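Work through the exercises below with the sequence and the structure in view. Each task is followed by a solution in steps.

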Amino acid sequence: MKRALGLVLFMALVAGFTANATAQDASNVSESLDTLRSQLLDAQAKEAGLEARQHQLDEDLKPENIERSLAGIGSTRPEELRESRRRQLSIERDGVRAQLKLVATSRERLESVIRLAETQAYQQNSSAGTPVLNQALVGKQSWGFGWVVGIAAAVGEILGIVMLVILAMKRARRT
C-alpha cells in the first residue's frame, strides 16, 4: 500500500513538473531538459525497484516457497492457509505489475518529451542566425512541446486516479 501511495505521489510530481516545463520560455529549454532527465532517472530507478519486487513475488509464489513460508505455523487446515498466502501474494504481484506498467508508461513519455526538447534546443541554436526562421520554429516547437507535455501531465493525472481506485478496491476486499 505504501508503494502504491508512493507511485501515486510520484505520478503527481511528474505531472506537476512537466506542466511547469511548458510554462517556461524557450531560453529555459536546457533547464527543463535537466529537470526532465532527473525525472527520467527517478522513473528508471523506480522501474528497476518494481521489477526486482515482481521477480521476488514470482519466486515467493512457487508452491515450495509458500510451503516453506508457512512451515512454522500450525493449522488444522493447511490448504486454506496456503491458498490464502497464494492469494495475498498474487494480489500484491498484480499491484506491482500495474505499478510497473504505469512507471514504464511514464518513463516512455518522459523519454519522448526529452527527445522533443532536445530537438527544440538544437533547432533553436542552429537557427539563431535567421530571425524569421527562428520565430517560426519557436512558435511551432512551443506548440509541439507543450502538447506532448500536456498529454503526459493528463495521463499522469489519470493514472494517479486509477491507482487510487485500485487501492480503494484492495482495501474493500480486505475488509
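Helices (H or I, at least four residues) and strands (E, at least two) are DSSP runs, numbered from the N terminus. The model is predicted: local features need pLDDT of at least 70, side-chain atom pairs count only at pLDDT 80 or more, and totals for chains, interfaces and linings use all residues. Residues are numbered from 1 along each chain as its sequence is written, and side-chain values use heavy atoms, without hydrogens and water.

**Exercise 1.** Find the helix that holds Val165, and state whether Val165 is buried, partly exposed or exposed.

Step 1: Val165 belongs to helix H5 (residues 131-174).
Step 2: Buried means under 20% relative accessible area, exposed over 50%, and partly exposed in between (1.4 Å probe, protein chains only).
Step 3: Val165 has 44% relative accessibility, so Val165 is partly exposed.

**Exercise 2.** Describe the salt bridge between Arg37 and Asp34.

Step 1: A salt bridge is a side-chain nitrogen of Lys or Arg within 4 Å of a carboxyl oxygen of Asp or Glu.
Step 2: Between Arg37 and Asp34, the N to O distance is 3.9 Å.
Step 3: Arg37 and Asp34 are about one helical turn apart because 3 residues separate them in helix H2 (residues 29-60).

**Exercise 3.** Which parts of the chain does the salt bridge of Arg53 with Glu92 link?

Step 1: The closest N and O atoms of Arg53 and Glu92 are 2.4 Å apart.
Step 2: Arg53 lies in helix H2 and Glu92 in helix H4 (residues 78-126), 39 residues apart, so the pair links distant parts of the chain.
Step 3: Glu92 is partly exposed, because its relative accessible area is 27%.
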